[in-house]
Structure formats: C-alpha cells, structure tokens
Amino acid sequence: MYDVKVRGSLIEGNKSYHQISEDISKPVESRAPNWWFIAMSISTVMLIAGIWAGFVTISQGIGTWGLNNSVAWGWGIINFVWWIGIGHAGTAFSIFLLILRQKWRTSINRAAEAMTVFAVISAGIFPMIHMGRIWLAFYIMPYPNSRGPLWVNFNSPLFWDVVAISTYLMASATFWYVGMIPDFATIRDRAKKTGNVVREFVYDLLSFGWDGSTRTWLRFETLAAILGGLTAPLVISVHSIVSMDFATSIMPGWHTTIFPPYFVIGAIFSGFGMVLTLMIIIRKLYKFQDYVTKGHLDAIGRILTFISLIMATAYITEIFIAWYSGSEYEFFTFFKNRITGDYYWAFYAMFICNAVIPQLFWIKKIRSNITIVFIISIFINIGMWFERYVIVITSLSKDYLPSAWADYSPTFVEVMLYVGTIGLFLVGVLGFFKFIPMFASSEIKGILKPTTDSND
Amino acid sequence: MEKNIIGIYNDEMLVAPAINQLRDKNVEVQDVYTPFPVFEIIEAMKLKTRFPYFAFAFGVIGFSLTFWFMYWTAVESYPLNIGGKPSLSLSFVVILFVMVINITVISSLIAFFIRVKKGPGSKAKYVADGINDDKFVVLINKTKTMTDDDSAKISEILRDSGAVDVQEN
C-alpha cells in the first residue's frame, strides 16, 4: 500500500462520512432556493415555446422551417449534433475516468451523467421531428410488417444513428440510475428517521430495497465495471456514426476520412465545456466548494487545453488536405466558402472559440479564476455550435452546381424549437438539482481516506 | 425468525481484521453492511463473483442474435438490391458492435437485479441504523448449535476488534 499525493486532497474540509451524507442530502431535503423557482419558471416557458414550435412543425409540416432543396438540413441537424456532443461528456467523464481509475471524477460524474441523459433526449427530438410525419417514426424500427415485409437498411448511417443513439441513451441512463441507488437508500433512511412519509415512500421505491450488503456491493461494483467497459467504446462509436451521416455522403467538406475522430474529439470537447459550466454553477449556488474544488476545475481546464489543441489540429488538417488533395470542390468549400466568403464569420467564431480561446487555460492564473473559467466554458459551448453550423450550412449552401446554390436562414419556428430543447435540458437539470443527490456519496466516501487505495 | 449478533463499527479499517479473527475462531460472518464498497472487507470475506463470465456470455448471445437477425432480414427474407452491392455486407459490423453492447448492458442489468434479489418495490432488510450513512455492520447468524457462551465470545471478539456497539436479537 502506498500513498502518492499528486493532487492533494480531493475533498476539502475534513469531512466525516456522516457530514458527507448531510451535505449531499441537503438539497433534496430542504426547500429549493428562490433562484431555483425563477430558473425553473424561465426554463418551463422555454420548454413551452419549444412545444409550440414542435406543434407547428408537426401540424403544418417542415415547410415552416427555412429549409430549401439545397440546404435540406438546417438548425435541426446542427442542434442534434450539438446536443449529442454535449451528451458525450457524462459518459466520457464517468467511464473513461473510471477505467483510468481517476478518483477526482467522483465529485463530477453524477452531474455529468445527468447532463448526458437530458442532452441526449434533447438531441433525439430533432431527427424525430425532422421526419415530418412523426407518427410514422416507428417505421425506422426493424419489425415484421405488412409492407413487404420491408426491413430497414442495415448499411445506412441514418439507421446506425437510430441504433447507436437509442443504445447510448439506454446505457447512459442505466449507468446513471444504477449509480444513484445507494444514494436513494441514504435519503430513504434519513426520511424514515425524520418521519417524512412521502419522501420515504418515493425514495424507498427508487432505491430498490438497497441494504448495503457487501455481497451486493461486490456485484454492484462489477456491474459498474461491466457497464463502464461496454459504454466506453460506445462513446467512440456513437459520434463516429453521427459523423458518418456526413462523411458517407459526397458533399464537399463532408466527404473526408478525418470526420469520425474529429467528431468524437469535438463531442468530448463540447461535453467537457458543458460539464465545466454546470459544475461551476453547482459549486457556486449550492456552496459545494469542498466537493468541487479548484483542483477539479483546474483538471478540467487542463484537459480542455489539450482537446482544444487536437481541435485546432483537426481544423488545420482539413484545410491543408483541401489544398493538398487538389480537389477544386474541396478547395472551394474550405478556402472560398469557409475561410473567406459568405460564412466566414461562422468559421472564425468556430475557430476562435474552440481553438484559440481555450488556449488561455495554459495560464495558471486564468485556470484559477472561476469567473474567467466560466466565461471560457460558455465560449466553448458557443464555438461548438458554430462548428456544426459551418459543417452543415457551408457545404449544403454551395455544392457542385452553382445553379443549385441557395441561402439559408432559420425561421422563428426553428429557433423556438432550439430554445425549447434548451428549456427541456434545463428543466431536467434543475429537477436533478432538487430531487437527486448531486454527488455519488458512496464514491466520495470511498475516496475520503487513502487507506482504501490498496486496489490500485 | 433467525437470530443474529451484530457488531457496529465506525471505521471500515477495523472490520477486515475482525472478520479474519472471527474466521480463526471458526465463526462464519453472514454478511457485512457498509455505506460504500470496501475492498478489504470483500477480500476478507473471500467473496468472488462470476458476473464477468456471464456478461461475456451475454455478449456472445447478443452477437449471434444480431447477426442472425440481420442475415435473415437483409439476405434471406427481403434482400434489397442497393446499387448492386452484396446483401451480406461488411457494414453489418456497425450494428453488430452497437447491439452487442445494447444486449449485454440490458442482460447484465437484469442478471444483477435477479442475483441480488432487488427491484422496484423490494423492501430493504433492516439490520442496523446508519448503514447507508457512516456505520459498518458485521452480521453473524446465531445458529442452533451456538451456546450462550459462544455468542458471548463472539461479542467479545467484536468489541475487542473495535466495534462501538454489539447487539443481539
């Protein structure tokens, strides 16, 4: 047994086990703060706006969007990819760091997984609604039917998407929920003590009769490792598959082999950006500074610097290959329609937000200034949205035939649909703040003392 | 109703030595209840699980089922000519990959809940207060052959090894 103090204490404030239970259960047990009600109201209004936009889209058709024959994918697909990207953080965080036995993940994984689930649900809405006839959505499922039977095309990246994203949602939600069971049991026991019958009933139901037996813990840990080991390659495959929606087409700017790794790393980048945003909010508003320490934020900052460099490399590689390949269409797309041309502003917004601004994290003073870190995390979220905008809109608006060139701008309905998914995400996250323990208390208790390190 | 002796500890590091001491005296520890997984305790109780083998088997089943399904639908039942490409395609590997994960995750989850006999609506076994908070509880079954003298000895071992409370019921 050895104890190497590389990072210092992961949890500050000399907490006892009981104190951790108290701290983590507090937001669930006490009345939500005033800001929570305000935020929930705003999010609900946004969600309602989204439901209205969804209703308009479904009842009147896709004609209510600003799409045309050339730009047949607009904000719908941009937002879909953006949300899926954000949805990659939770699993990236929990699972890669679980497999790498990084103990600092324990303070962040629960929130990151919650974010994943709500982001993937938000993402899933776009392709569904984009079908136009959403009531026929079940056609994408392979089941024996009276249409032939006409089976789905297993060679189509769009069908791969359906399978990959639904599996990802299921696996992430499973991983998240299983991890919460012991914490639900803690809240159940505490509710029993204080005589809160309703809370005891609800959390008793949610905790599946958890009793903390060592036999159960052993299987629980093994299950976590199995789910982690299985979901880690899924993280890679889901966004690779999303990238193939583009890369297997012949559009200039899309038809590139760099797309799968470029998308995966971009997804993890945007996800980590959102985790950073969320953790700073949780830390500040719930006063969880002892759990999400500056060390945690510093670690995320360092990872983001590294991923940002990879992003920059990917952008530059794309541009270089467009020139080096000698393909005039690729050259046109990158040099005349991205770096210069009608959409140059989107390209520079993407490049500056993703490849330049995060480089400020090299400076320790910036990494330790929470306000600046928060602002940079927002820039990353915006930059990643622009990345998808650049990919989708520039390629589609000016393809091979100048006679087919067309402009695109979103309609109010499209914008509201996006606002609605942000509302849905926020309602989910705020619900998470109030009703679910924000940290995995059993994992935090497990890393409190160096004595339990002997398995490493 | 079965009778038990329980020793309650505040420190998880005292539990594994206590289990070893009890084993030296031929006392079998029924179970230990803890707020978080403690590997020393799992080791001391010599617990093992075959779960990974089951997960592997689920993966093999998932692979076979998915491949069979795709082959049957896309090659046998309704082969579609898509640009003259072969019906049995290498790109099946994508769906295979994802579905193996899908089926293994669901099956492992079901296997877990069946094995630990828990699920929505299950009632937790009450052993002692604070198990899901900060207490580590060693539970020993009082067998019929156990005399009062034996239980007194067990209680003594538990106390000597650092238990803050020993209860019999």
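I began with the contacts of chain B: of those with a separation of 6 or more, 77% are between residues 24 or more positions apart. I note here that the model is predicted.

**Entry: chain B, layout**

I looked up the secondary structure of chain B next and found 5 helices and 4 strands. Read from the N terminus, the order of elements is β-α-β-α-α-α-β-α-β.

I then checked the domain division. Domain 1 of chain B takes in 3–48 + 131–168, and domain 2 takes in 51–115. I took the centres of the two domains over C-alpha atoms and got a separation of 46 Å.

**Entry: chain B, dimensions and surface**

How does the radius of gyration of chain B stand against that of a compact globule of 169 residues? The globule would come out near 15 Å, whereas chain B has 25 Å. The box filled by its C-alpha atoms, along the principal axes, is roughly 85 × 30 × 30 Å.

I looked up burial as well: 47% of the 169 residues in chain B are buried. The accessible surface of chain B is about 9,400 Å², and carbon and sulfur atoms hold 59% of that surface. For the charges I counted 17 positive and 19 negative in chain B, with mean positions 8 Å apart.

**Entry: chain A, layout and dimensions**

I turned to chain A and found 16 helices and 0 strands. I compared its radius of gyration with the globule rule: chain A has 23 Å, and a compact globule of 456 residues would have a value near 23 Å, so the two agree. The C-alpha trace of chain A spans about 75 × 55 × 40 Å along its principal axes.

Of the 456 residues in chain A, 59% are buried. Among contacts in chain A with a separation of 6 or more, 82% join residues 24 or more positions apart. Chain A exposes about 18,100 Å², with 69% supplied by carbon and sulfur atoms. I also noted its charges, 33 positive and 27 negative, whose mean positions lie 8 Å apart.

**Entry: A:A92**

I located A:A92 in helix α4 of chain A, residues 88–99. Is A:A92 buried or exposed? Its relative accessible area is 2%, so I logged A:A92 as buried, the cut-off being under 20%. Setting aside neighbours within four places in sequence, I found A:A92 in contact with A:L97, A:I268 and A:F272. I also checked A:A92 against A:F334: the pair is 242 residues apart in sequence, and the C-alpha atoms are 31 Å apart in space.

**Entry: A:D23**

A:D23 sits in helix α1 of chain A, residues 17–29. I read a relative accessible area of 15% for A:D23, which therefore counts as buried. Which residues does A:D23 touch, not counting those up to four places away in sequence? I found A:K15, A:F288 and A:Y291.

**Entry: A:G446**

I placed A:G446 in helix α16 of chain A, which covers residues 441–446. The relative accessible area of A:G446 is 17%, so A:G446 is buried too. I then took the distance to A:T106, 340 residues away along the chain, and got 9.3 Å between the C-alpha atoms.

**Entry: positive phi values**

A:K287 is not a glycine, yet has a positive phi of about 55 degrees. Where in chain A is A:K287? I found A:K287 in the loop between α9 (259–285) and α10 (294–324). With a relative accessible area of 67%, A:K287 is exposed, the cut-off being over 50%.

B:K117 lies in the loop between α4 (92–115) and β3 (136–142) of chain B. Is B:K117 buried or exposed? I read a relative accessible area of 67% for B:K117, so I logged B:K117 as exposed.

Note on methods: Residues are numbered from 1 along each chain as its sequence is written. Chains are lettered from A and ligands numbered from 1 in the order in which they are written. This is a predicted model: local features need pLDDT of at least 70, side-chain atom pairs count only at pLDDT 80 or more; totals for chains, interfaces and linings use all residues. Side-chain values use heavy atoms; hydrogens and water are left out. Domain bounds come from an automatic or database domain assignment. Helices (H or I, at least four residues) and strands (E, at least two) are DSSP runs, numbered from the N terminus. The radius of gyration is taken over C-alpha atoms; the globule rule is 2.2 Å times the number of residues to the power 0.38. Buried means under 20% relative accessible area, exposed over 50%, partly exposed in between (1.4 Å probe, protein chains only). Contact means heavy atoms within 4.5 Å. Accessible areas come from the Shrake-Rupley method with a 1.4 Å probe; for residues, only the protein chains shown count as cover. Lys and Arg count as positive and Asp and Glu as negative; His and the chain ends are not counted. The place of a charge is taken as NZ of Lys, CZ of Arg, CG of Asp or CD of Glu.
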